[in-house]
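Notes below, in the order I looked things up.

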Amino acid sequence: MKEIKLKQLELSVYYEKLENGLEVYLIPYSNKNNYYMTYATRYGSVTTEFVPLDKKKMVTVPNGIAHFLEHKMFEQPDGVDPFSFFNQSGTMANASTTFDNTQYLCSGTRSLEENLDYLLEYVNTPYFTDENVEKEKGIIAEEIKMYDDMPEWVMERALRECALKEHPMRIDIAGSVKDIFQITKENLYDCYHSFYQPSNMFLIVAGPQDVEKTLEVVKNRMAKIKVPTNQKIKTKKYQEPVSVAEKEKTIRMNVEIPKVGMCFKFDRTKFPMSDPYVQDLYFQMFVTLTFGITSLFREKARKEKWMSSFYTQIDDCENYKLLSLVAETNEPDVFQQEVLQALKNISITKEDVERMKKVWISSEHKMVDIVETTVLNLYDDLMKYHRIEENKMNLIKAIEKRELDKLIQKLDFENKTVVKILSKKA
């Protein structure tokens, strides 16, 4: 087992890659009672065209199948509901699917080794039948319809659809109702055996543990699992153009206060920093100082009261960064003008950068003391960068204003889309 020391954070991550390809990350805490673990596959909703394991031809499966598959993993051949197993020890269990990954997690204070063993067991026991697949379709269809009535969800989907032309990230993670009713158990088995193989997965366990004993539990369970060939799966590659698909869109819904979203599409191949990790630190610095809670933009909005709520979201899509700014406002035109004005007159001082670096470093020290947050942060790093950054504190300290200025100069603020959700009554 290799020890990875997170420098200046007084935390160690123990890592081992098993013979079957599974990557295991164990984080011992001596001063905590609770644990948090996640078992994940690098497979999400955007992968719908691929060559299944041990086959030669590329297939296309329905949109939403990764999310559907996540739901069906909780149906086991012995009839035991995994939630009921975890409930016996007062353990929380859940799962989630994103555009590029699916994770199964549990957290609690008791029975770490038993729950870990069962987590690995049920996620490695697919059980799909014609009957249980059909039963699930109605359940997920209702879930999709529920989200279709939520303005926030509709806004985020519309921004992606308008920003992207080719990439499947423009499609909802859950797919459409029509997509769901096309899924078969054969589709599910193709996806499962292709992407739920150990070499495409990783496990993180954090909490009070003896890492040697934890690793032994993992190895014993994985030894009982039939492992498919560690074959790299061929997936379709998309050529997403630089320009946005639509410049603007208006949607009518049952809303009292209009919502407006602006999505900027940036070509990250033009960013001056070559390391994606460093790129993201600088990009986050730009967003935080321009639109964060202490920014001049937010201060002006508070004084002039032209928006009632506001948030930013950053998404990565192949070689692009999508920056979404979403507000609830009775003055959508004023909001757009103020955003563009803030981007036209970006005023970031060296003092601003140094102050934010101190805030970030302080925040990192606080977060590393929270078991769940530590796991989620490492999870994000493994998904985005396929590595754990040992020197994050030094990377933050090394951020310089002149390099931030170079990045900002490469950002094309004209390449954007605007989505408005207005009341049906208007």
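**Entry 1: the model.** I am working from a predicted model, not an experimental one.

**Entry 2: the sheet.** I started with strand order. I get 7 strands in an open sheet, running β1-β2-β3-β9-β4-β8-β7, with mixed pairing. At the edges sit β1 (2–6) and β7 (92–97), each of which pairs on one side only. From one strand to the next, the twist averages 15°.

**Entry 3: β3 and its neighbours.** On one side I followed β3 to β2 (residues 11–17), where 4 bridges hold an antiparallel pair. Lys17 has Glu23 of β3 as its bridge partner. The two strands make a hairpin with 5 residues between them, and I noted that Gly21 in the turn has a positive phi of about 100°.

Next I checked β3 against β9 (residues 201–207). This pair is parallel and has 6 bridges. Ile27 is bridged to Ala206 in β9.

**Entry 4: β9 and β4.** Which way does β4 run relative to β9? Antiparallel, with 6 bridges between β9 and β4 (residues 35–41). I found Thr41 standing opposite Met201 of β9.

**Entry 5: the cores.** The largest nonpolar core has 66 residues, and those touching the most other members are Ile204, Phe283, Phe286, Phe297, Phe335, Val339 and Leu404. Helix α9 (residues 276–291) gives the most to this core, with 10 residues. A second, separate core has 51 residues, including Val24, Phe74, Leu119 and Ala174.

I clicked through the surroundings of Phe297. Leaving out residues up to four places away in sequence, Phe297 touches Thr290, Phe291, Trp306, Met307, Phe310, Phe335, Glu338, Val339 and Ala342.

**Entry 6: α9 against α13.** How do the axes of α9 and α13 (residues 371–385) cross? They come within 10 Å and cross at roughly 120°. That angle makes α9 oblique to α13. The crossing is right-handed. On the α9 side the contact uses Pro276, Tyr277 and Asp280, and on the α13 side Asp381, Lys384 and Tyr385.

Note on methods. Residues numbered from 1 in each chain as written. Predicted model: local features only at pLDDT ≥ 70, side-chain atom pairs only at ≥ 80, totals over all residues. Heavy atoms only, no water. Pairing = 2+ DSSP bridges. Core = buried A, V, L, I, M, F, W, Y, C linked by side-chain atoms within 4.5 Å. Buried < 20%, exposed > 50% of the residue type's maximum accessible area, 1.4 Å probe, protein only. Contact = heavy atoms within 4.5 Å. Axes fitted to C-alpha atoms, helices over the stretch in contact; angles between N-to-C directions. Parallel < 35°, antiparallel > 145°, perpendicular 65-115°, else oblique. Left-handed = near helix turned anticlockwise from the far one by under 90°.
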